[in-house]
Amino acid sequence: MRRVTIFGATGSIGCSTVDLLLAAGGPEAFRTVALTGGRNVARLAAQARALRAELAVTAHDDCLPALREALAGSGIEAAAGPAALVEAADRPADWIMSAIVGAAGLAPGLRALRHGTTLALANKESLVTAGPLLLAEAARHGARILPVDSEHSAIFQALAGEDIAAVERVIITASGGAFRDWPLERLAAATLAEASTHPNWSMGQRITIDSASMFNKSMELIETREYFGIEPDRIEAVIHPESLVHALVGFRDGALMAHLGPPDMRHSIGYALNWPARADLPVARLDLAAIGSLTFRAPDPARYPALGLAREVMRIRGLAGAAFNAAKEAALDAFIAGRIPFTEMAVVVEAALARLSADPGLGNAPESLDMVQAMDHLARQVAQDVIAVRGGKD
Ligand code: NAD
Ligand code: MG
């Protein structure tokens, strides 16, 4: 029986993954080794019971008593804290979903690769912060990384059976987020509630806000560069408000292969779960005649300054991705806390990157988790300084 583990089981991607496992037979079809979550211990315990998991881990030590209580009588082990999370990755599993949000997802995923597992990677931050390290670790241990981000799953599918050397360009699509049609001068006053709604996708709050600012698409440009090894000048982002075409791959003969599907992550999660086979999945089928038309337009750099920052990160490479992501996470925290306006997030990240560029270490390749975490730590501090200097409220 296939052994599975889910990091970030209680989040948006995690819940969709649990749903797919249950729909495919649950404990009759899979042996669930470990599930991890955060403060929602009731959900984590319910998932662990439904899948008859061996272990449930909460990221927070103070949540352990509640988790133990929720699992009482089930025989399911409970554990807590960042070290327990990484230890869960040492438990042998054949398929591991990496769906923690943020830089915290890197350590458990990296550890899992040591055991030659298949890592279904939703945590794009792993590739943004440490792409070369992650791929080297997978190669060293014969592990496989399967992309789960919808655009990257789409590219992966369009490349099946193709020679990567014949790829001329890759285009990833973006919905444009919550503010795509707002007048530019209104953006600075966007509220947290407004930034936390997405026109097409239902996702966790952080990635939803990152979609409005297009920091999400910036991360995905870097993710494309790192995962597929495609040069930055061959990777484009285009606004496609319908979110039905997820990505397109252009070949040297002029052919453009597009991947279409409804905006439902259960497709790319299910694809990674069943790869290399395809299985029936409970996703809607597109009715093209009813849809009628698909539209595309170029993103406006003034509305989405994050895209330009991603280009700079891809130019520097090295630890610039770790710095970019950490500064972005700090700026996002500050926006969520009401300390800075929506438009200030890109200003903070740009200023933090500019300060860190003075350090020649920024161009060093990420060779270890320690190096990546040290740059992450430094960039968060620099971003905090920038926020304080620019008058962010405490
Ligand atoms: P979410 O916020 O809904 O869930 C995040 C999960 O991570 C939860 O289980 C939470 O408890 C856990 N978590 C949060 N902080 C943690 C920490 N410090 N340590 C350990 N666990 C922690 O997020 P999501 O929307 O499911 O996104 C998860 C990842 O997948 C992100 O990297 C996101 O960019 C990526 N992704 C999500 C979608 C989507 O549709 N939601 C699509 C593409 C990619
Ligand atoms: Mg995506």
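1. Start with the lining of the largest cavity: it divides into four nonpolar, seven polar and one charged residue. Here Ala, Val, Leu, Ile, Met, Phe, Trp, Tyr, Cys and Pro count as nonpolar, Asp, Glu, Lys and Arg as charged, and the others, Gly among them, as polar. Bear in mind that this is a predicted model, where local features need pLDDT of at least 70, side-chain atom pairs count only at pLDDT 80 or more, and totals for chains, interfaces and linings use all residues. Residues are numbered from 1 along each chain as its sequence is written, chains are lettered from A and ligands numbered from 1 in the order in which they are written, and side-chain values use heavy atoms, with hydrogens and water left out.

2. That cavity has a volume of about 60 Å³, and the structure holds one cavity of 30 Å³ or more. A cavity is a set of points, on a 1 Å grid over the protein atoms alone, where a 1.4 Å probe fits but cannot get out; a lining residue has an atom within 4 Å of a point. Volume is the space filled by probe spheres set on the points, which are joined across faces, edges and corners.

3. Who lines it? The residues include Ser150, Gln157, Trp201, His246, His259, Asp264 and His267. Helices (H or I, at least four residues) and strands (E, at least two) are DSSP runs, numbered from the N terminus.

4. Next, have a look at the second largest pocket, with about 280 Å³ of space. A pocket is an open set of grid points with protein on both sides within 12 Å along at least five of seven lines. Of its 18 lining residues, the closest to the centre are His267, Arg278, Leu281, Val283 and Arg285. β11 (256–260) and α11 are the elements that give two or more, with α11 giving the most, at four residues. This lining splits into nine nonpolar, six polar and three charged residues.

5. β11 also belongs to a four-stranded open sheet, ordered β9-β8-β10-β11 with mixed pairing. Two strands pair if DSSP finds at least two bridges between them. β9 (235–239) and β11 are the edges, each pairing on one side only, and the twist averages 20° from one strand to the next. Axes are lines fitted to C-alpha atoms, for helices over the stretch in contact, and angles run from 0 to 180 degrees between N-to-C directions.

6. Within this sheet, five bridges join β10 (245–251) to β11, and the two run antiparallel. Ala247 stands opposite His259, and His259 is also among the cavity-lining residues. α7 packs on the sheet, touching β8 (167–174), β10 and β11, at about 40° to β10; contact means heavy atoms within 4.5 Å.

7. The other sheet is open too, with seven strands in the order β4-β3-β2-β1-β5-β6-β7 and parallel pairing. Its edges are β4 (77–80) and β7 (144–147). Five bridges join β1 (2–7) to β2 (30–37), and Arg3 has Arg31 as its bridge partner. Helix α5 (106–113) lies across β1, β5 (95–98), β6 (118–121) and β7, at about 155° to β6.

8. Finally, the domains: domain 1 (2–147), domain 2 (153–262 + 285–291) and domain 3 (318–389), with bounds from an automatic or database domain assignment. The C-alpha centres of domain 1 and domain 2 lie 26 Å apart, and 12 residues of domain 1 are in contact with 14 of domain 2.
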